[in-house]
Amino acid sequence: MTTVVLMGPPGAGKGTHADMLAEQAAVPAISTGDIFRAQVAAGTDLGRRAQQYLDSGAYVPDDVTIAMVRERLAEDDARPGFLLDGYPRTLEQAAVLDELLTTQERRLDAVVVLRVDQEVLVRRLLRRAEIEHRSDDTEDVIRRRLKVYADHTVPLIELYGDRGLVHEVDGDGEVAEVRQRVLQVAYRLTLAERPIPGL
């Protein structure tokens with residue numbers, strides 16, 4: 001089984017690289033952002049609760065996030081393993097993930113962390129907002145989201161670092177450059193069952 005957490009601040013490119021990492025590991029990429037948006041689009045109770053926090057740039061409360069993730073990880077395609085993008089984001093969520101993995105008799109194999117300078121992130125997200133017309137990507141909201149990440153999620157890097165699980169990747173540069181760095185980490189972790197082109 002392969003279980004990987006992909007971490008990084010908003011705009012670091014987690015979604016872009018999560019799919020590629022998951023493909024190499026032959027497991028589904030599970031994004032909390034995608035889960036939230038699907039629940040919002042479906043008009044579920046959890047989705048309505050999540051929407052107000054997404055629009056303000058705050059983290060969706062742990063109880064809502066945990067309920068959604070538990071539901072998703074119970075699906076059949078996640079049985080061989082999974083790559084989590086955007087979860088856990090708090091120490092409480094990390095504790096729940098530990099509990100869930102223990103119950104399923106598996107363990108977390110690696111935590112890949114994308115590092116990008118804050119001002120680069122702000123520019124990226126503002127550009128994305130223009131292209132995608134995203135209501136949650138104003139500059140004030142972006143900076144609030146980055147602060148929330150620093151306050152609540154960065155401590156997880158120390159937690160997982162103490163367990164020897166963290167593998168950091170420079171997330172600045174062109175997509176192809178960053179992709180190659182992520183692939184190098186995938187190779188070192190032996191996530192791929194076949195040779196990776198270009199390495």
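The questions and answers below concern salt bridges, a charged surface patch and one leucine in this predicted model.

Me: Is arginine 72 buried or exposed?
Reply: Arginine 72 forms a salt bridge with glutamate 75, and their closest N and O atoms are 3.3 Å apart. Glutamate 75 has a relative accessibility of 38% and is therefore partly exposed. Buried means under 20% relative accessible area. Because the relative accessibility of arginine 72 is 17%, this residue counts as buried.

Me: In which helix do glutamate 139 and arginine 143 lie?
Reply: The side chains of glutamate 139 and arginine 143 form a salt bridge, with 3.1 Å from N to O. Glutamate 139 is partly exposed at 35% relative accessibility, and arginine 143 is partly exposed at 30%. The two residues are 4 residues apart, about one turn of the helix, and both belong to helix H7.

Me: What is the relative accessible area of aspartate 109?
Reply: Aspartate 109 forms a salt bridge with arginine 107, the closest N and O atoms being 2.9 Å apart. Arginine 107 is exposed, with a relative accessible area of 59%. Aspartate 109 is partly exposed, and its value is 21%.

Me: Where is aspartate 172 placed?
Reply: Aspartate 172 belongs to a negative surface patch that is also formed by Asp117, Glu174 and Glu177. With a relative accessible area of 34%, aspartate 172 is partly exposed. Its place is the loop between strand E5 (166-170) and helix H8 (175-188).

Me: What distance separates the C-alpha atoms of leucine 46 and valine 64?
Reply: Leucine 46 is part of helix H3, residues 45-56, and is partly exposed at 23% relative accessibility. Not counting residues up to four places away in sequence, leucine 46 touches Gln39, Val64, Ala67 and Met68. Leucine 46 and valine 64 are 18 residues apart along the chain, and the separation of their C-alpha atoms is 6.3 Å.

Notes. Residues are numbered from 1 along each chain as its sequence is written. This is a predicted model: local features need pLDDT of at least 70, side-chain atom pairs count only at pLDDT 80 or more; totals for chains, interfaces and linings use all residues. Side-chain values use heavy atoms; hydrogens and water are left out. Patches are made of residues with over 30% relative accessible area and no salt bridge: like charges are joined within 9 Å, nonpolar side chains (Val, Leu, Ile, Met, Phe, Trp, Tyr) within 5 Å. Accessible areas come from the Shrake-Rupley method with a 1.4 Å probe; for residues, only the protein chains shown count as cover. A salt bridge is a side-chain nitrogen of Lys or Arg within 4 Å of a carboxyl oxygen of Asp or Glu. Lys and Arg count as positive and Asp and Glu as negative; His and the chain ends are not counted. The place of a charge is taken as NZ of Lys, CZ of Arg, CG of Asp or CD of Glu. Buried means under 20% relative accessible area, exposed over 50%, partly exposed in between (1.4 Å probe, protein chains only). Contact means heavy atoms within 4.5 Å.
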